[in-house]
Amino acid sequence: MGEYIVSARKYRPTTFDSVVGQSALTTTLKNAVKSGKLAHAYLFCGPRGVGKTTCARIFAKAINCMSPTPDGEACNECESCKAFNEQRSYNIFELDAASNNSVEHIKSLMEQTRIPPQIGKYKVFIIDEVHMLSQAAFNAFLKTLEEPPAHVIFILATTEKHKILPTILSRCQIYDFERMTVRDTIGHLKRVAEKEGIAYEEEALAVIAEKADGGMRDALSIFDQAASFCQGTITYQKVIEDLNVLDSDNYFRIIDLSVENKVSDIMVLLNNVISRGFDGGQLINGLARHVRNVLMAKDEATLPLLEVSEAQRQRYHEQGMRCDTRFLYQALRLMNQCDINYRQSSNKRLLVELTLIEVAQITQPDDTPVAGRRPKRLKSLFKHLLQQSRPATRAPQVAQAATVQSANGATGATASTAAQRAAATATHSTQEGAARPQKLRIGMGALAHSWSNVRREATSAKSPIVAEPLTKPAGGSNTQNEDKPFTQQDLEHQWMAMCNRMPQKLSGIATRMKNMTPTITAFPKLTVSVDNQLACDQLQSILVSIVKTLQRDLHNNHITLTVKVTESKEQKQVLSRREQFEEMSKTNPAIGKLRQLFDLELA
């Protein structure tokens, strides 16, 4: 039995045409060889295992070939090609910058550039992982890289282009290598399996390609591992077992069960997955990718975007036809939110379970009783309560209109009758939802008559209006004829309590009001003083709401509030240090004598 060589080395490309997935780059390099238009420095960058170093070696051999083929490939017959194939060429140097990253190593490399090639046209220096060079080594390399000898060509390779100095990038022709697609990886694995005489299932090779994540070297390494485990035929089930990959059948089953709203079956499936050692976050991420593929498979135009085998692509398409687009969108949104919160969650399994339950309830009818069903009827219930509460909220406005009418000259009896009629109308409107508890109707009415509504009323008002309270007292007692006395201390206490309860959007006004002190001018008339017109305007905008709150909390419906602007006092001039010293010297002459005695100067 001969020496075993891993597939990544055994089947490493030796020509441009055998390079997988980089056709644009290899064509450009072949054309450069054919035309003889070669740059003095190249930079090959891209992810791991996509052929950067391989292409650098093929390109270096083709450059030095004495008789290249018409399409730009090396002939493999001349002395230069034979020396390269036998690894005895003195014209091609490879340097690992990860272990040779100091200034001394670069200086040694620069000395070798002075010696012309013995065979061939160029000396090619391949520097792998060039981003590992130190800052001083980069600076020492700059001048030679910009103006190397005519017989020198540099080929730099790196996986992290952003770590290379811009001055280095500007001196190179940059080639960006792409990740291997799943389809290209599967095709290459098929060719390797046929050469090795290994039977395979295409679904198994698709799993290997997805696991490789765009790297051909990784794919070949996983292929060798799977071939060793399977011992004969590489099957889908054995690859899943060997690589510890969650079977895609679980994702198909979860979506099918979610469409049928079978929450219990999904919970059993989730428990089986977790008991086999899989992480809940891994399941959510895989399910999100699955739903994305199902969404892409619904349309024939986006079906080719799926990087899966033909059998899997057809299965995605069939499930996509059974799923509603809105369901897929909402499922993606829920799983994305779960992925965001997964790391911060202290109970990760519960988070995954709740997410899967919500996904399974997307298509659930509202009135179907199911274990674990989220009560969607609450939304319609609150909507119905709000509709019932809207007529009730008009009662304070009607009563307010009756009060204003009375103030404009109507008799007291007529105003009282109007207020009673308005209150009766509000009570009749509220009783339309008699099936709801009385306390809930009162609470929803208060919610509808919010600070924003009162503020809109106050904006249109030109003078303070005595209005009804926002809410009725607990127990439903009549507060229309309250006329209880209160003291200045009671007023200040309720004023501060009102400021603390004001909504968040009025926090700025509430902070200013805490620094104001209302006073009783002629009971029950109140006055509050502000120091500028801007504060006065802000207070006037919510004056009606303030009056209503004070009337309710102080149990006096005759309270009125007037806002006035105090006259600003003349501002005292700010004195400089010298002026302060002079003022002090006038007041106390001893300070001046002390200054003269010690010959002091002002700083």
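Reply: Here is a walk through the salt bridges, pair by pair.

This is a predicted model, where local features need pLDDT of at least 70, side-chain atom pairs count only at pLDDT 80 or more, and totals for chains, interfaces and linings use all residues. Residues are numbered from 1 along each chain as its sequence is written, and side-chain values use heavy atoms, with hydrogens and water left out.

The whole structure holds 18 salt bridges. The criterion is a side-chain nitrogen of Lys or Arg within 4 Å of a carboxyl oxygen of Asp or Glu.

Start with glutamate 86. Its partner is arginine 88, with 2.5 Å between the closest N and O atoms. Glutamate 86 is exposed, at 52% relative accessible area. Arginine 88 is partly exposed, at 38%. The cut-offs are under 20% relative accessible area for buried, over 50% for exposed and partly exposed in between (1.4 Å probe, protein chains only). A salt-bridge network links Glu79, Glu86 and Arg88.

Next, aspartate 176 pairs with lysine 161 at 3.4 Å between the closest N and O atoms. This pair links distant parts of the chain, 15 residues apart. Aspartate 176 sits in strand 5 (residues 173–176), and lysine 161 in the loop between strand 4 (152–158) and helix 7 (166–169). Helices (H or I, at least four residues) and strands (E, at least two) are DSSP runs, numbered from the N terminus. Both partners are partly exposed: aspartate 176 at 45%, lysine 161 at 30%.

Last, aspartate 553 meets arginine 552 at 3.1 Å, N to O. Aspartate 553 is buried, at 18%. Arginine 552 is partly exposed, at 23%.
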